[in-house]
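Here is a short briefing on one protein chain. Look at the model first, then work through the points by topic.

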Amino acid sequence: MGHTATPEAHSSGLTATEHRLANGLRVVLSEDHLTPVAAVCLWYDVGSRHEVKGRTGLAHLFEHLMFQGSASVKGNGHFELVQGAGGSLNGTTSFERTNYFETMPTHQVELAVWLEADRMGSLLTALDQESLDNQRDVVKNERRQRYDNVPYGTAFERLTALAYPEGHPYHHTPIGSMADLDAASLEDARAFFRTYYAPGNAVLAVVGDIDPERTLAWIEKYFGTIPAHDGKPQPRDGSLPLTMGGQLREVIEEDVPSRALMAAYRLPEDGTRQGDACDLALTVLGGGESSRLHNRLVRRDRSAVTAGFGLLRLAGAPSLGWLDVKASSGVELADIETAVDEELARFAEQGPTPEEMERAQAQLEREWLDRLATVGGRADELCRYAVLFGDPQLALSAVGRVLSITPEEVKAVAAARLRPDNRAVLVYEPTGTEEAETEEAAAAVDGTEAAGAGDDAADGAEQEESQA
């Protein structure tokens, strides 16, 4: 078993050790005795980008199937055992990965490790037509409830389909289409599991109040017996030209509470300096109530009730800058769009002020510290950097890279990318006879401060709902 430890202090003051089992499973351990809890997090290197035409939605369907019983744990047992032990759990699917996680009291960590190993090693024997049909119906219902039947619910799907051309691995979102879900056979599902749910295609992180040696012994005991499988095809190339080369546009007439302008800009990939510079640019422009777009549209012009600009970070394709503006009653979207373009052009020309730069860096640093402050958040970040960039240690030093970005880099990336010829635009026109648009109504629809536009809406992450 390979073993490399890197005890030197990072800017977070946290450390992690890495190990690899003979079957290929990568393990990351981070010891922290602050609270008597620990997180177990397992990332599989599979998401909707690995799916092929006609079989979309399999990655997300599998995330549901993983909660449907394995050889040793029947039915809803995974939820019942974790919650009965005082733990919490969930799973999500995105374009680039599927993850599963439990946060447990210290003395129950072995249970979570065993549960994850049991379903990795034995789900295939428990997978039958009945559980496939059952979860296929659950996912189709989730699609109806969260996408098709809510205001603006299909915006993310429509914008990604515009921003990534037909045939591109990111053209479709993780929820999948109804037709493809109906077409998936039991053999499709089994082949998908064999290919992607193998130890060598996964990273396991255990973080918190643990004894690393004992934890590693449990992992070796429960995961070590799972046979290696090496049949995974390379993901399709997600690279695209730097800009869209024009403006793509779609007008949607729907029964929504207010007019809305949404746009997706093609931005640099995650893991690059340019990607971090973009994060800072979007934070200055649309990250919260001190941002330029909020000040211009909501506070000054009063043409919008919310205005946010968020970043969907992607490693295997251009990231997306996600603009989301909900209009005030009676305001024309053309006026809002003109104002947005004015603000972006001014920013591209002048760049951020020193105060804006300092505030944006402080905001991203705080978000990073918040993620690392919980055992679950830290485990997730360690897995993310291991799966997407090959090195979990990068999670512990990520903020240093953001803080080293210069105002010139932020200005340059804004000038190159935040342009009208590099965006897909979605315009919502309400069909209701009367606009139900008091400011409260539009704000309620938004549900969250639009600063998170890139984080949640665009995460494309389908939350596995706890069924217990």
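**Around Ile-405**

Leaving aside residues up to four places away in sequence, Ile-405 touches Arg-273, Asp-276, Ala-277, Leu-280, Met-357, Gln-361 and Val-410. Contact here means heavy atoms within 4.5 Å. This is a predicted model: local features need pLDDT of at least 70, side-chain atom pairs count only at pLDDT 80 or more, and totals for chains, interfaces and linings use all residues. Residues are numbered from 1 along each chain as its sequence is written, and side-chain values use heavy atoms, with hydrogens and water left out.

- Ile-405 sits in the loop between helix H14 (398–403) and helix H15 (407–417).
- Helices (H or I, at least four residues) and strands (E, at least two) are DSSP runs, numbered from the N terminus.
- The relative accessible area of Ile-405 is 4%, so the residue is buried.
- Buried means under 20% relative accessible area, exposed over 50%, and partly exposed in between (1.4 Å probe, protein chains only).
- Ala-277 lies 128 residues from Ile-405 along the chain, yet their C-alpha atoms are separated by 6.3 Å.

**Helix H7**

- Helix H7 spans residues 186–196, and its buried residues include Leu-186, Phe-192, Phe-193 and Tyr-196.
- The buried residues of H7 pack against strand E4 (37–44) and helices H1 (58–65), H3 (109–126) and H4 (129–148).

**Strands E5 and E6**

- In strand E5 (residues 88–93), 5 of the 6 residues are buried.
- E5 pairs with strand E6 (residues 98–105) in the antiparallel sense, over 6 bridges.
- Pairing requires at least two DSSP bridges between two strands.
- Leu-89 has Glu-102 in E6 as its bridge partner.
- A hairpin of 4 residues joins E5 to E6.
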